[in-house]
Amino acid sequence: MMPFEKCPVCGGELAKKDVEKIVRGGADTAVLTVPAEVCLHCGERLYSQETVRRFEEVREKLDRRETKGMAEIGRSFKVA
């Protein structure tokens, strides 16, 4: 259960949705599909503590380059 009934940013209505979140660690990124409460007015996303812990675990694995079990989906480039 989320601690907010309304969006803490704008007061808008929240709806449960599955969203994609990009997590960066070191030079790598991972895309996760996770549940979130999303504000229907401003788009603010609220994540459960469990989901935030998952972000942290994935970030730490990326920092250590432990990508076993992660599917490679492409390459990223920075344009100067």
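User: Leaving aside its neighbours within four places in sequence, which residues is Ala36 in contact with?

Analyst: In this predicted model, Ala36 is in contact with Ala15, Lys16, Lys17, Val19, Leu46 and Tyr47. Contact here means heavy atoms within 4.5 Å.

User: What makes the set with Ala36 and Val19 a nonpolar core?

Analyst: A nonpolar core needs buried residues joined through side-chain atoms within 4.5 Å. The largest such set has 10 residues, including Ala36, Val19, Phe55 and Leu62. S2 gives the largest share, five residues.

User: Why is Ile22 called partly exposed?

Analyst: Its relative accessible area is 46%. Buried means under 20% and exposed over 50%, so a value in between is partly exposed. Ile22 lies in strand S1. With Val31 and Ile73, Ile22 makes a nonpolar surface patch of about 310 Å².

User: How do you know that S1 and S2 pair?

Analyst: Pairing takes at least two bridges. S1 and S2 have 12, in the antiparallel sense. Gly25 stands opposite Asp28 in S2. The two strands form a hairpin with two residues between them, and Gly26 in the turn has a positive phi of about 60°.

User: What makes S2 and S3 a pair?

Analyst: Two bridges join S2 to S3 (residues 45–46), and the strands run antiparallel. The cut-off is at least two bridges, so they count as paired. Glu37 stands opposite Leu46 in S3. This hairpin has five residues between its strands, with Gly43 in the turn at a positive phi of about 90°.

Technical notes:
Residues are numbered from 1 along each chain as its sequence is written. This is a predicted model: local features need pLDDT of at least 70, side-chain atom pairs count only at pLDDT 80 or more; totals for chains, interfaces and linings use all residues. Side-chain values use heavy atoms; hydrogens and water are left out. Buried means under 20% relative accessible area, exposed over 50%, partly exposed in between (1.4 Å probe, protein chains only). Helices (H or I, at least four residues) and strands (E, at least two) are DSSP runs, numbered from the N terminus. Patches are made of residues with over 30% relative accessible area and no salt bridge: like charges are joined within 9 Å, nonpolar side chains (Val, Leu, Ile, Met, Phe, Trp, Tyr) within 5 Å. Accessible areas come from the Shrake-Rupley method with a 1.4 Å probe; for residues, only the protein chains shown count as cover. A salt bridge is a side-chain nitrogen of Lys or Arg within 4 Å of a carboxyl oxygen of Asp or Glu.
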